[in-house]
Every structure is written in C-alpha cells, then in structure tokens.
Amino acid sequence: MRKHSDPGVFRITGTAAGLTEDVRGRQRRYIISMSVRTVSFILAVVLWHVWTPLAWVALVAGLVLPYIAVVLANAGRENARNLPSSHLPPVVPPALGPGRERRPAEAGTEADGGSSSGRG
C-alpha cells in the first residue's frame, strides 16, 4: 500500500511544455530567422544596382539577424504565465454542522399554508 505525503492534486494543464517541444520550437525560430537572413542577403545582391538604399537595408538586416536569432534560440525556457496553477488545494469539508431538526408541528403549518405564509 502506498502512502501519500501530500494530499494535494496536480493539474497537468498547468505544467510547462516538454523539453523536446521547447527545443523543437527554438530550432524552428532559428531556421526561420536564418532563412530571412539568406533572403535579405540575396535581395541585397540583386537590388545593389537597381535600388541601393533598399539594398543597404537588406544588407544591414542580414548582418543583424544572426545575433537576434542566436539570442532568441538560446533564451531560457519561458514561463507560461497564462496557464493556471498546477497545484490544486486539498478539498476542505463544509464548516456547517447538521441543521436544526424540525418538529412535526412546524412541518405541518408550512405545508398547509397556515399563518407562516402571511396571506390572511
């Protein structure tokens, strides 16, 4: 027989995402950032003799994006603040005791619409 030291119940919806899911998300963000960087370098080369200011913007984006991608990929696991708490408090029994017993005379006056109804 197993003894429970903590009578609390844990909700699975309040737990953080799994490690493999977290790593997969980081890899996806990094690949998307590096794809945008590659496209911006290709755009800079293609637009260099056509529209130089836009080519410069694409070149600067291609130079800055690796730093941003690495910082985002290496960021720690995020705490999901919008999830409910994973711990449910133990159920507390009601504080009220048993009610007052009714006498047969009280039950009869309410049932037949006697003086307790107020309609005379």
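## Basis of the model

The model is predicted: local features need pLDDT of at least 70, side-chain atom pairs count only at pLDDT 80 or more, and totals for chains, interfaces and linings use all residues. Residues are numbered from 1 along each chain as its sequence is written, and side-chain values use heavy atoms, with hydrogens and water left out.

## Overall fold

The protein has three helices and two strands. Their order from the N terminus is β-α-α-β-α. Helices (H or I, at least four residues) and strands (E, at least two) are DSSP runs, numbered from the N terminus.

The protein has 120 residues, and 13% of them count as buried. Buried means under 20% relative accessible area, exposed over 50%, and partly exposed in between (1.4 Å probe, protein chains only). Among contacts (heavy atoms within 4.5 Å) between residues at least 6 apart in sequence, 71% join residues at least 24 apart. The accessible surface is about 10400 Å². Carbon and sulfur atoms hold 64% of that surface. Areas come from the Shrake-Rupley method with a 1.4 Å probe; for residues, only the protein chains shown count as cover.

## Helix 2

Helix 2 spans residues 52–74, 23 residues in total. From first C-alpha to last it reaches 34 Å, close to the 33 Å expected at 1.5 Å a residue. The expected span is 1.5 Å times one less than the number of residues. Helix 2 bends by about 30° at V64. The bend is the angle between axes fitted to the seven residues ending there and the seven starting there.

The buried residues of helix 2 are A55, A58, G62, L65, A69 and A73. Helix 1 (19–47) is included in what covers them.

## Salt bridge

The count is one salt bridge, defined as a side-chain nitrogen of Lys or Arg within 4 Å of a carboxyl oxygen of Asp or Glu. R26 pairs with D22, their closest N and O atoms being 3.2 Å apart. The two sit four residues apart in helix 1, about one helical turn. D22 counts as buried, at 12% relative accessibility.

## Nonpolar surface patch

W48, W56, V60, L63, V64, Y67, I68, V71 and L72 form a nonpolar surface patch. Together they have about 890 Å² of accessible area. Patches take residues with over 30% relative accessible area and no salt bridge; like charges are joined within 9 Å, nonpolar side chains (Val, Leu, Ile, Met, Phe, Trp, Tyr) within 5 Å.

V64 lies in helix 2. V64 is partly exposed, with a relative accessible area of 40%.
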